[in-house]
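Open the model in a viewer with a selection panel at hand. The stops below say what to select next and what is there.

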Amino acid sequence: MSPHLLLPAARSSRNLLPAVLAAVCAVASVSAQTLVRDFSPPVVTQPSSNPGLAVILGGIAYFTANDVLGTELWRSDGSLGGTYRVKDLNPGAASSDPDELIVAGGLLFFSAAIGGHGRELCASDGTAAGTRIVRDLRVGSDVGAQPRHLAVFQGRVWFAADDGVAGEELFVSDGTTAGTVRVLDLAPGGAGSAPQDLIAWNGRLWFTAQDARGRELWSSDGTAAGTQLLVDFLPGAASFAPQELTPAGPQLFFSAAESGAGRELYATDGTATGTRRVADLQPGATGSFPRWFVGLGASVVFEANDGVHGGEPWCSDGTPAGTFLLRDVNPGAPTSQSTEYTRGAGGGRVFFAAANASGRSLWVTDGTVAGTLQVLPGLIQVGNLGTGLGGIACAAQTASSGATLWVSDGTAAGTRAVPGAPRPSFVSAYGNRVLFRGGDNSTGQELYVSDGNGAALVRDLTPAIGSTEFGNFTDARGSLFFSPNFATGWVPWISNGTLPGTLELNPGLGNPRSALWWNGGVWFVASTPTTSFELCRSDGTGSGTNLVLDLFPGTQTSSPADLTPTTGPLFFTAAVAAGRELWSTDGTLAGTRAFDLQPGTGSSRPAYLTAFGNRCVLAADDGSSGAEPWISDGTPAGTLRLGDLMPGGGASSPAEFTVSGPRVFFTATLPGVGRELCVSDGTPAGTGLFADLLPGAGSSSPDMLVACGPLLFFRAAVPGLGSELFVSDGTVAGTRMVLELGPGALSAQIGATAGMHGRLLFTLDDQVHGRELWVSDGTAPGTRMVLDLLPGAGHGVVRDALVRVPGSDIVVFAGADGVDGLQLWTSDASAAGTRRLGRMGGGAGSGASVLAQLQPVGDRLFFVAGVEGAGGEELWVVPLAPPNAAFTRTYGDARCPGSLGIAPRILAVGQPRLGNAGFAVDLVAARASSLAVLQVGAAPAEIGLAGCTLLVAPPWVVLPPVPTDVRGRARTPLGIPADPSLVGIVFHGQYAVLDPGGSLLGGLALSDGIEVRVGG
């Protein structure tokens, strides 16, 4: 039957577009991304942000804290509005975990761990844009240079780092890439000198370092030539091992160890001759182990154990006579465990915590025996001392009160509890106030501020949240079918992207899985109160969501899996008395049958089920031939083994079946050939080896097969190169390596892939730019990075979060550009066409903690996200394009295949933008050397006709017939005029193809539908 009997008469091509547009209407505007529904309201248990010690830059306190985006850099001016994350340096839930915060030259320096770089030196001017890696000192390493022991000298930051060349050595940075350099290779070669205890004193930078002479004391004037060993105190390879370098007046104090003397107190005046042991406080080889050094005028206060009094507070002016015990806090040999020696505000006293029989209390000293006193008897469990508020602030409690913030000026009268400051720690001075970590069961451990008279929560950085797990995201033809997980289990829901349109379907169907669209509904596996896991179906309503096929009646389960829709039956695997076997169904119990490929109770272990027109190809083991390729059309006669590729009971183990045109490609192991690329036309005679890419018995081990129109992309092993990207045009001669994407023997680090017509989009870490979005047309020049989203070696794109919008030339993915955190992006494979899709998160530098399960549905994208301030991980939706942007997508299932049961497919070529004369609508997988017509209309539809489905609502416009080529491809040009009045116009189309094997009235095959929106 001619298609002209079904469709209105064709118009002339000259007036083609006006005729099309006359039949359609403008599209409605869409909003930005929105939370669909918070399925899990806040939980009772309060999470904690656990803020760390603060440093001050420009009157602002900077600190680390943990929330849904991991541990990152935050700032606060002591107010709610002025407290926020500076930047999500390691986008998403992963932590950059900033450490060793220090201010130098008007910048905040710190080390941080960033994807693609490892832990490197970072700097911030307090803004998101100004927070960055200073220099990637160890390029290409996921470990990084591991900077540590940061210190300020001459307005620059000095630190130890390992650049992978010289080992851990001394580096300096002024905050610029060029000004971040290794000072000197103190221990030549790769061993590293491991500088430690860096401190500025007396016009030089002092530190300890290890070379062939052991660990000794070094200093630097800021130049390589002026960096030198002070003295080899223990000549030879023995280590003097200085520790805790502490300036006090004209001397630098430290602890060190000599043979036979143990670790004792030492001092230097900066000269070799003036470097000496101050006193052997515990004679003999044991040592007094001095520690907790704090300078007090020209003296140093510390803890030491003289072997008589236990560990107690001492003081020294650098002479034996001026080194003495301040107080035996815990009388006799027991130690007082004095710790946290902290200089009070004003600098004239040192506070510390020490214990005796009365408990752990607060003590103060002015450096004299008489001035070393218990501050307030009855104050116990003292800890977390911090300078500020006229003396110190600390955590303490009494016998009758719990832990709270206390402040002290060193006198009993000036020591008091601060109300409203529960369980304080990490106390940091901030002007005339202190910031600290505190909290109770109502807030968790959060950021507090106190002026000494009271305390207040600055901001609850991690308010109570609840997260929901989601599964089974399925496009239900305009709505999203999905399953949230509640305390009672997983249940089926549906959403149209609005709160009122997000509904539970049937709570009696528990733990749904394997959901997909077939034959006008969503099919899935679920359990009921009276059955275990069986086949269910939903039409998108509660009453229409039910158990359909109970294959193993009663409480036993057939546990269907591997649901595979075709243009004919629905195929799946299920386990009954005959073992797990292949099944097919037409949607009715009478039309459901099993194929016992391995007779008896044994299982044929069917796997890799793949739709091939109205048939299904798979791997199965019949019990005598091993795992081999099979095919089924849903009938016993049409279910057969395609070949015994590994004869004699061995298994060829076919996998990765991928349909490309009229054939299906797969990988399999063949005798004498190894694991190579194979092909089948659906017959045993047409099934076998396609190409031996690594001739001989060696295997090229193809994987990651993706069909992209007429091209097939995959990875395969190349001697000396690892696994690299290959392409095939369907001929052996046209099968070749595209480009070496993995340097040297490293395999191409390809993550997610998205196949378009004639192009492959994929994520790749090329070991130079980090993981980014790439595109290939199958040629070396046409294989390129789309955009270095996160410049440098950092990962700009999440490995597996890449999805093609069906029937379009665009993909959506999750990534970060270094300005903001984790965001949604869309790309048409060009740098100019790669843009952010909405905005997740709060202020600048923020983003989502998680972006996952990206599911295009119509012109929207559903996804799961965790966003600061918006609850936990929940269901979100965002338009795939702004209201006036060009957009295309395919939709529907005509269920109207042509020859060999293969359904023609429709797709757009280019973007329907104003002035794009090359825009067209293509047809692929149609009957070769035939005719096709494109019918267009204003709206989509699902109109049943002789077992097929018309996907465009009348009235139609029928465009001139176009011929299909020898590969079954055709094109209808639809150039878009540069007419602004066309912006926002939407039309829909569907191809009809003359095909004697077609399902419609014995002479036509129908494609799926396409929606086109004209953009500016």
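**Stop one: a pocket**

The second largest pocket has a volume of about 490 Å³. A pocket here is an open set of points on a 1 Å grid over the protein atoms alone, with protein on both sides within 12 Å along at least five of seven lines, where a cavity would be a set of points where a 1.4 Å probe fits but cannot get out. Grid points are joined across faces, edges and corners, and the volume is the space filled by probe spheres set on the points. This is a predicted model, in which local features need pLDDT of at least 70 and side-chain atom pairs count only at pLDDT 80 or more, while totals for chains, interfaces and linings use all residues. Residues are numbered from 1 along each chain as its sequence is written, and side-chain values use heavy atoms, with hydrogens and water left out.

Select the lining, meaning residues with an atom within 4 Å of a point: Leu-53, Ala-54, Val-55, Asp-197, Leu-198, Ile-199, Glu-244, Leu-245, Thr-246, Val-427 and Ser-428. Strand 14 (196-201), strand 18 and strand 34 (425-430) each give at least two of the lining residues. Strands are DSSP runs of E with at least two residues, helices are runs of H or I with at least four, and both are numbered from the N terminus. The lining divides into seven nonpolar, two polar and two charged residues. Ala, Val, Leu, Ile, Met, Phe, Trp, Tyr, Cys and Pro count as nonpolar, Asp, Glu, Lys and Arg as charged, and the others, Gly among them, as polar.

Most residues other than glycine have a negative phi, and most peptide bonds are trans. Select Ala-241, whose phi is positive, near 50 degrees. Ala-241 sits in the loop between strand 17 (227-231) and strand 18 (243-248). Is Ala-241 buried or exposed? Its relative accessibility is 18%, so Ala-241 counts as buried; the class means under 20% relative accessible area, with exposed over 50% and partly exposed in between (1.4 Å probe, protein chains only).

Next select Gln-337, which also has a positive phi, of about 50 degrees. Gln-337 is in the loop between strand 25 (323-325) and strand 26 (339-343), and is partly exposed at 48%. Then go to Pro-954 and Pro-955, where the peptide bond is cis, with omega near 5 degrees.

**Stop three: rings**

Rings of Phe, Tyr and Trp (its six-membered ring) pair if their centres lie within 6.5 Å; planes under 30 degrees apart count as stacked, over 60 as edge-to-face and the rest as tilted. The count comes to 23 aromatic pairs. One of them is Phe-293 with Phe-302: the centres are 5.5 Å apart and the planes at 65 degrees, so the pair is edge-to-face. Phe-293 is buried at 9%, and Phe-302 is buried at 0%.

**Stop four: strand 72**

Select strand 72 (residues 860-867), where eight of eight residues are buried. Arg-860, Phe-862, Val-864 and Gly-866 point one way, and Leu-861, Phe-863, Ala-865 and Val-867 the other. Ala-848 stands opposite Val-867. Finally, show strand 73 (residues 873-879), which pairs with strand 72 in the antiparallel sense over seven bridges, and where Val-877 is the bridge partner of Phe-862.

Definitions and conventions:
Two strands pair if DSSP finds at least two bridges between them.
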